[in-house]
Amino acid sequence: MTASPRRAWSRPGTLIAAAATGIIGLGLCATPASAHTPRWSADCSKVEVHLNAYNGDVKNTVTITADGKDLLPATEFGKSFEQTIDIPAHTAEVKLHLSVKAGDGERYSFEDDKTSPVCQGSGDTTPTPTPTPTETKTTESPKPSETPSESADTAPSAAPSTPSTDESPAGDLAETGASSSTPLLAGGAAVALLAGGGLLFANRKRRAAARH
């Protein structure tokens, strides 16, 4: 009579124990999947990688490429990996790729892409300054003076040139000074004066004789 109740209680206990064992087993199986934690970030000059809670009993590898070239060659790590890597200066966006190979199963591996922008203000990316147009100065023509210039008032007016009456025919120079006929004219004048004086003297003598 007493065996039946014990058997009745033993069956639910067996079922509970089996269920607990199954739950623990599932938890143990799920723990590695949730433990692998890959995190990384990138800016214009560097990449930061943080790989945590990996299986340290197997060989894990991490690789980073920049535009297809190795930025971080394949590197082995254990439970965790943390590193900051400089990106070479660039004038265009760089495509980055992170590859994590987990040694305890392909399902724990990780692949991801990011883009490194161009750093503003770097020597290679400084925009060429736009030349500023030079200001063209217009030269103003001087305004005419309201009062006539003194030079215009004081400057003598040019008299029209009149042809000289002493000009000789073309090819001959104008006569200057005494000519060859000047002595003859002077002699004639002296003779005329002497003759006039003689006539005057003779006339006076006649008048005197007539009075006596």
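Me: What makes strand S3 (residues 60–66) largely enclosed by the rest of the structure?

Reply: Of the 7 residues of S3, 6 are buried, so the strand is largely enclosed by the rest of the structure. Buried means under 20% relative accessible area, exposed over 50%, and partly exposed in between (1.4 Å probe, protein chains only). The model is predicted: local features need pLDDT of at least 70, side-chain atom pairs count only at pLDDT 80 or more, and totals for chains, interfaces and linings use all residues. Residues are numbered from 1 along each chain as its sequence is written, and side-chain values use heavy atoms, with hydrogens and water left out.

Me: Why is Thr61 called buried?

Reply: Thr61 lies in strand S3. Its relative accessibility is 19%, and the limit for buried is under 20%; Thr61 therefore counts as buried.

Me: Which residues are in contact with Thr61, leaving aside its neighbours within four places in sequence?

Reply: They are Thr75, Glu76, Phe77, Ser99, Val100 and Lys101, where contact means heavy atoms within 4.5 Å.

Me: Why is Thr91 called exposed?

Reply: Thr91 sits in the loop between strand S5 (81–86) and S6. Its relative accessibility is 57%, and exposed requires over 50%, so Thr91 counts as exposed. The C-alpha atoms of Thr91 and Cys119 are separated by 8.1 Å, although these residues are 28 apart along the chain.

Me: How do you know that S3 pairs with strand S4 (residues 69–77)?

Reply: Two strands pair if DSSP finds at least two bridges between them. S3 and S4 have 6 bridges and run in the antiparallel sense, with Ile64 bridged to Leu72 in S4. In the hairpin of S3 and S4, 2 residues stand between the strands, and Asp67 takes a positive phi near 55 degrees.

Me: What joins S3 to strand S6 (residues 94–101)?

Reply: S3 and S6 run antiparallel and are joined by 6 bridges; the bridge partner of Val62 in S6 is Val100.

Me: How many helices and strands does the chain have?

Reply: The chain has 3 helices and 7 strands, in the sequence pattern α-β-β-β-β-β-β-β-α-α. Helices (H or I, at least four residues) and strands (E, at least two) are DSSP runs, numbered from the N terminus.

Me: How much of the chain is made up of buried residues?

Reply: Buried residues make up 15% of the 212 residues in the chain. Among contacts with a separation of 6 or more, 52% are between residues 24 or more positions apart.
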